[in-house]
Amino acid sequence: MATTVFVSVRKTAQATTRRCLNPHLRGLAKAGDSGLLLPTTHNPSVTLLPGTRWFSRGTGLRFMSHGTAGRSAAGRTRRGALALSGAAAVTAAAAVAGFLANSNHFQRAEMATKVSKEDEDIVERCREFMSHPVTDIGVLQGRKEDMSTKMEMLIMKTQAEFCKALQEVDGGRFKVDRWDRKEGGGGISCVMQDGKVFEKAGVNVSVVFGNLTEEAAKQMRSRGKVLKGKDGKLPFCAMGVSSVIHPKNPHIPTVHFNYRYFEIEEEDGSKQWWFGGGTDLTPVYVDKEDAFHFHNTLKEACDKHHPQYYPDFKKWCDRYFYVRHRGETRGIGGIFFDDLDSPNQEEAFNFVKSCASTVVPCYLPIVYKHLDDAFTDEEKDWQQVRRGRYVEFNLVYDRGVKFGLATPGSRIESILMSLPLTARWEYMHEPAKGTKEADMLDVLRNPKEWV
């Protein structure tokens, strides 16, 4: 039986350039772009699945790629493949994930403006982001203790660390696309398409505010929210990070995570707040070892906070990602929660941080394990069919997509981030009994307990 290997990984730097536009960050020089990293101050080890190679470098260890994605034995045909979407991005209120640092670091340079000691932490953390935050850094410094500031810093950090981990394995680079919403707020969409490993990868942040539309308020009331606006208006603030990764190789699963925070101001000036999110895996073929690793990583994070979190949120995930008109789940699940407003705000935030910290360690070892797996045209076609089901769920049932489309000024390219570059629909498609494809379908129709 293969032995599980634990390794520490430390930050290494390569050159790249980033510029923060806020006056507080003038003078920042070139950034360092590191490999797949795990800061020892937060999480000193990551589990590598059997078959993953690594090598030592200095006092730490670093992942070593197996190579490029597998190639089909015969020529790959793309019969009936349907191009669905170009760019990518985030649902209107995504939120928090992935805590592995594979990050670009801004080299320390002299700042044009002196920054007080209490503000140094925010400025230093901004050096590692893919872009400067959506909210002005001066504003964030002035309200450091507000939950909205804590959450924005977390989602920015999550975006940067996950993007850099993916860049390390793929060799490509994310396009960083900042956008503004005239009604209030904006976002940062990081997209990589047609890479060596990933056909389409989006890791995106949004921070939006304004007044909730009646359609959006109706959706929330349908979930039991009691909302009392002033003069018919409901001021809100929503922020989050969301990611969907569609690999080229059908033996590497699709992964999705979304962590978000929401505030609504009521007529008396009081605020309702809640968190939501989760991480889930959508493989094309069943791999029990991958499923155990993925779910067990999430379970360990949940267990730090409450023994019922994992079993409850795992069941919620299976229910939520259910394609009712097909009678099957979208994938093998993970965790999902929404409307989390207890036991208190700080504890709920800490739970979200723990979940977010698992995104890279629960997914990247699986990617590295399958990098060199060969695949056939038939396996690629089955991947395309499964992607079609993914699209059906996201357009018909997903709350984030619905909220985004109901929010004025939303960026459509960002909302539709989750759609793959290509997918396939075949009339009356049903895999033959006894095949790997039939085994996958059985799991989707009868969700399993993986841990």
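So, which backbone oxygen lies 2.8 Å from a polar atom of the side chain of tyrosine 363? It's the one from proline 253, a polar contact (N or O atoms within 3.5 Å; within protein, one must be able to donate a hydrogen and the other to accept it, and residues adjacent in sequence count only if both atoms are side-chain atoms).

Quick housekeeping. This is a predicted model, where local features need pLDDT of at least 70, side-chain atom pairs count only at pLDDT 80 or more, and totals for chains, interfaces and linings use all residues. Residues are numbered from 1 along each chain as its sequence is written, and side-chain values use heavy atoms, with hydrogens and water left out.

Mean pLDDT, the predictor's confidence in each residue from 0 to 100, is 78 for the protein. Over residues 1-115, though, pLDDT stays under 50. Where pLDDT is low, the predicted coordinates should not be read in detail.

Back to tyrosine 363. You'll find tyrosine 363 in helix α8, residues 359-370, helices being DSSP runs of H or I, at least four residues, numbered from the N terminus. Tyrosine 363 has 0% relative accessibility, so it counts as buried, meaning under 20% relative accessible area with a 1.4 Å probe, protein chains only.

Now helix α7, residues 345-356. Asparagine 344 caps its N-terminal end, with a side-chain oxygen 3.2 Å from the backbone nitrogen of glutamate 346. Phe349 and Val352 are among the buried residues of α7.

Last, cysteines. The whole structure has 0 disulfides, that is, pairs of cysteine sulfur atoms within 2.5 Å.

Methods:
Contact means heavy atoms within 4.5 Å. Helices (H or I, at least four residues) and strands (E, at least two) are DSSP runs, numbered from the N terminus. The expected span of a helix is 1.5 Å times one less than its number of residues. Buried means under 20% relative accessible area, exposed over 50%, partly exposed in between (1.4 Å probe, protein chains only).
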